[in-house]
Amino acid sequence: VDAKGGEHPCIDRKIRLAVISGVLTEGHSNSESFGGVLSHLDRNMFDVTYVLLTEQGDPEVAKFTKAHSSDRVYVWGKEDGDASNGAWVTRWGKEIESWEMDIIFHFDLTMSTFARRLGMMRLAPVQVTSNGHPITSGHDKSVIQYYISWAAAELPPEESQKHYTEDLKLIPSDIAYQYYERRILPGQISRMDGQSFRQLQRTDFGLPQNKHYYLCMQKPHKFHPEFDTLLCGIMVNDKEGLVVLHREVSPSNQNVFEKRLERAGCDLSRITFLDQQPHHRLLALYRESTVVLDSYPAGGDTTTREVIEMGKPLVTLPARLLGGRWSLGYLNNIGLKESTKQALIATNPEEYINLAVNLANDDTFRKSVEADITAAAPNLFHRVEAVVAWQEMFLEISPYQQCQTHTLTLTRKIQKGEL
């Protein structure tokens, strides 16, 4: 049955939804992003099965997959007898096909070689992917029919559709994209590692107290050489400014990174490179920074939400593709004043530099921006309308509709205050 063709035969059972991922693990950013919506889908409408494809080790499957006793959870890896001949993907494919799923949801199809291989097989009437990795699957539309994204983070549909081999389906821009949980607990404690960061100061990171700090702790592989000129431009325009960046894991790669920055005109004596930090220390870095810089052209998503939750200003230059437009979407969606959005969202490289420098050097203005972000930050979290939007999306693309109307729908749950 092709749902796109408008045929939705009715069935006297729940819609069968399989969620397949190579990173369906506890604490992973994709579990953090999609877990809220998936765990809140109405189980009177959906029969949900989770499949974690493990490429190495024995990772802890995400806790949200165990929120409902009716859900099935599978953790699969290669077996000792599997050769490099595709036997494992054939075996898994036959197992999944035997479940007779209505929809298979690969929310991060290109994050795992296992998931990508499995995603080349047509195992259900409707197969869909999304932005767990913000790029098209590249598979033919006969295999993966839909890509679900967020209108707030995409170019206009006639332009953004060109970036996908799938049919692009959009959650409306005025609706929050996901049902997010806070990552910071009361008392300045990280939910991710349970550690307090209240006591940490700049000196704990080897940073002087009396300077402007421009922080970008995205991993360097997100930095295009175009971003180098933005960093250098900030330092040229703010003589008191220092930049804090993520150090490359590989010494040889770090050497290449530093030489690249030097060629772009950056003063390396004013750049501090830090190793990857435990989560509570990363949160302290956000708090102690003067301005947080969104990387370009691949920007932040989970990290942007953390910066907003901390009430800190983040300057972003939206890119052409989805991976560089999440900050734009969040800043436009949470109810910030127009003046705040204008202070944070650049339209060109020169404006990006000027916005960052202006925020760092105008304490009064920066504090007003921080106050507005702090007031709007709660609008990121526990947005039930996101669950409703995703549920409606799954129902729209489903090959079937339910013949019987259930008495306990998601809407009634909302009305009863059960969500």
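## Ground rules

Because the model is predicted, local features need pLDDT of at least 70 and side-chain atom pairs count only at pLDDT 80 or more, while totals for chains, interfaces and linings use all residues. Residues are numbered from 1 along each chain as its sequence is written, and side-chain values use heavy atoms, with hydrogens and water left out.

## The disulfides

Let's start with the cysteines. How many disulfides does a search of the whole structure find? The search gives 2, where a disulfide is a pair of cysteine sulfur atoms within 2.5 Å. Counting bonded cysteines along the chain, the pattern is 1-4, 2-3. One of the links is between Cys10 and Cys403, with an S to S distance of 2.1 Å. This link is right-handed, with 95° about the S-S bond. Cys10 sits in strand β1 (residues 10-11) and Cys403 in the loop between β16 (401-402) and α14 (410-415), so that distant parts of the chain, 393 residues apart, are linked. Helices (H or I, at least four residues) and strands (E, at least two) are DSSP runs, numbered from the N terminus. Cys10 is partly exposed at 47% relative accessibility, and Cys403 is partly exposed too, at 33%. Here buried means under 20% relative accessible area, exposed means over 50%, and partly exposed lies in between (1.4 Å probe, protein chains only).

Cys232 and Cys266 form a disulfide as well, with their sulfur atoms 1.9 Å apart. The link of Cys232 and Cys266 is left-handed, with -105° about the S-S bond. Cys232 belongs to helix α5 (residues 225-237) and Cys266 to the loop between α6 (251-263) and β13 (271-274), so the pair ties together parts 34 residues apart in sequence. Both Cys232 and Cys266 are buried. Cys216 is buried, at 1% relative accessibility.

## Helix α8 and its partner

Helix α8 (residues 302-309) packs with helix α9 (residues 326-333) at an angle of about 35°, and their axes are 9 Å apart. For these values, axes are lines fitted to C-alpha atoms, for helices over the stretch in contact, and angles run from 0 to 180 degrees between N-to-C directions. At the meeting place, Thr304, Arg305 and Ile308 of α8 touch Ser327, Tyr330 and Leu331 of α9, contact meaning heavy atoms within 4.5 Å. The residues of this contact of α8 with α9 comprise 3 nonpolar, 2 polar and 1 charged. In this grouping, Ala, Val, Leu, Ile, Met, Phe, Trp, Tyr, Cys and Pro count as nonpolar, Asp, Glu, Lys and Arg as charged, and the others, Gly among them, as polar.

Is α8 mostly covered or mostly uncovered? It is mostly covered, with 7 of its 8 residues buried. Among these buried residues are Thr304, Arg305 and Ile308. Just after α8, Gly311 takes a positive phi of about 75°.

## Asn30 in helix α1

Asn30 lies in helix α1 (residues 29-40) and is buried, with a relative accessible area of 6%. The side chains of Asn30 and Asp108 are joined by a polar contact of 2.9 Å. A polar contact is a pair of N or O atoms within 3.5 Å; within protein, one must be able to donate a hydrogen and the other to accept it, and residues adjacent in sequence count only if both atoms are side-chain atoms. Leaving aside neighbours within four places in sequence, the contacts of Asn30 include Val23, Phe107, Asp108 and Met111.

## Two loop residues

Glu60 is found in the loop between β3 (46-54) and β4 (72-77) and is partly exposed, at 48% relative accessible area. The side chain of Glu60 makes a polar contact of 3.1 Å with the side chain of Lys63. Beyond its neighbours within four places in sequence, Glu60 is in contact with Leu24, Thr25 and Glu26.

Lys14 occupies the loop between β1 and β2 (15-21) and is partly exposed, at 34% relative accessible area. A polar atom of the Lys14 side chain lies 2.9 Å from the backbone oxygen of Arg43. Again leaving aside neighbours within four places in sequence, Lys14 is in contact with residues including Arg43, Asp47, Asp102 and Gln402.
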